[in-house]
Amino acid sequence: MLNIGVLISGGGTNLQAIIDETKAGGINGKVKVVISSKENAYGLERARLNNIEAIYETDEDKVIEILKENNIDLIVLAGYLKIITPKFVEEFRNKTINIHPSLIPSFCGKGYYGEKVHQGVLNYGAKVTGATVHFVDEGADTGAIIMQETVKVEDNDTASTLAKRVLNVEHKILKESIKLFCENKLSIQGRRVFINE
Ligand code: GRF
């Protein structure tokens, strides 16, 4: 049973999906601590409602300390808006994953977060978007990709309607990726991640 730490900055629907799946026994892991970079993030309330330690902390050294104190085996960035420093990446290399609401390497990196991602998709006229789960490295949304799933862009989509459909896919592939990690079924070779079923 792995110890999972989730870092958030907002509503925490991805966090909720992880909590629900661990409680349902679908993931061989337990969310041990939730750390938010925003004091009023509703995700902290979601943690409290599930008797999970919920901490507001903006100092990265303190975040690292909390994760180590809790013997965290897997860190999930779920709507976490702070930039992770190389120190953090090195400390938890290949044990930190992120969920991004587009098909990386499109519509990602600096400035692409939240609805800005989906507005970029619409502005470009892309016909397909989706979500990506990847390991976190020193770059912004540049780590090795674990899983992706597509979402068709509809002619009448707005950034908001598209975001809602992508969010459902985020929840799905994030749960699947965490399950595989906790079952030690992921292996990394350079930029490629292989699933050893
Ligand atoms: C989601 O689109 C996620 O991909 C992005 O932040 C948005 C909110 O996520 N990183 P959540 O509801 O806070 O999990």
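How many nonpolar, polar and charged residues does the shell around the ligand have? By class, there are 3 nonpolar, 5 polar and 1 charged residues in that shell. Keep in mind as you look around that this is a predicted model. Let's start with the whole chain and then move to the ligand.

**The protein chain**
- The secondary structure consists of 6 helices and 9 strands.
- Along its principal axes, the box filled by the C-alpha atoms is roughly 50 × 40 × 35 Å.
- The radius of gyration is 16 Å, which agrees with the value near 16 Å for a compact globule, because the chain has 197 residues.

**Where the ligand sits**
- The ligand takes up the space of the largest pocket.
- Around the ligand you will find Gly11, Gly12, Thr13, Asn14, Gly79, Ile99, Pro101, Leu167 and Glu170.
- Two helices, H1 (13-23) and H6 (159-182), each provide at least two residues of this shell.

- Start at Thr13, where an N or O atom of the side chain is 2.6 Å from an oxygen atom of the ligand.
- At Asn14 the backbone takes part instead: one of its N or O atoms lies 2.8 Å from a ligand oxygen atom.
- Then find Glu170, which has a polar side-chain atom 2.3 Å from an oxygen atom of the ligand.
- On its own, the ligand has 370 Å² of accessible area, and the protein covers 81% of it.

Conventions. Residues numbered from 1 in each chain as written. Predicted model: local features only at pLDDT ≥ 70, side-chain atom pairs only at ≥ 80, totals over all residues. Heavy atoms only, no water. Near = heavy atom within 4 Å. Polar contact = N/O pair within 3.5 Å; in protein donor to acceptor, adjacent residues only side chain to side chain. Areas by Shrake-Rupley, 256 points an atom, 1.4 Å probe, with all protein chains shown as cover. 1 Å grid on protein atoms, 1.4 Å probe; cavity = no way out; pocket = protein on both sides within 12 Å on 5 of 7 lines; lining within 4 Å. Sits in = over half its atoms within 2 Å of the grid points. Helix = DSSP H or I, 4+ residues; strand = E, 2+ residues; numbered from the N terminus. Nonpolar A, V, L, I, M, F, W, Y, C, P; charged D, E, K, R; others polar. Rg over C-alpha atoms; globule rule 2.2 N^0.38 Å.
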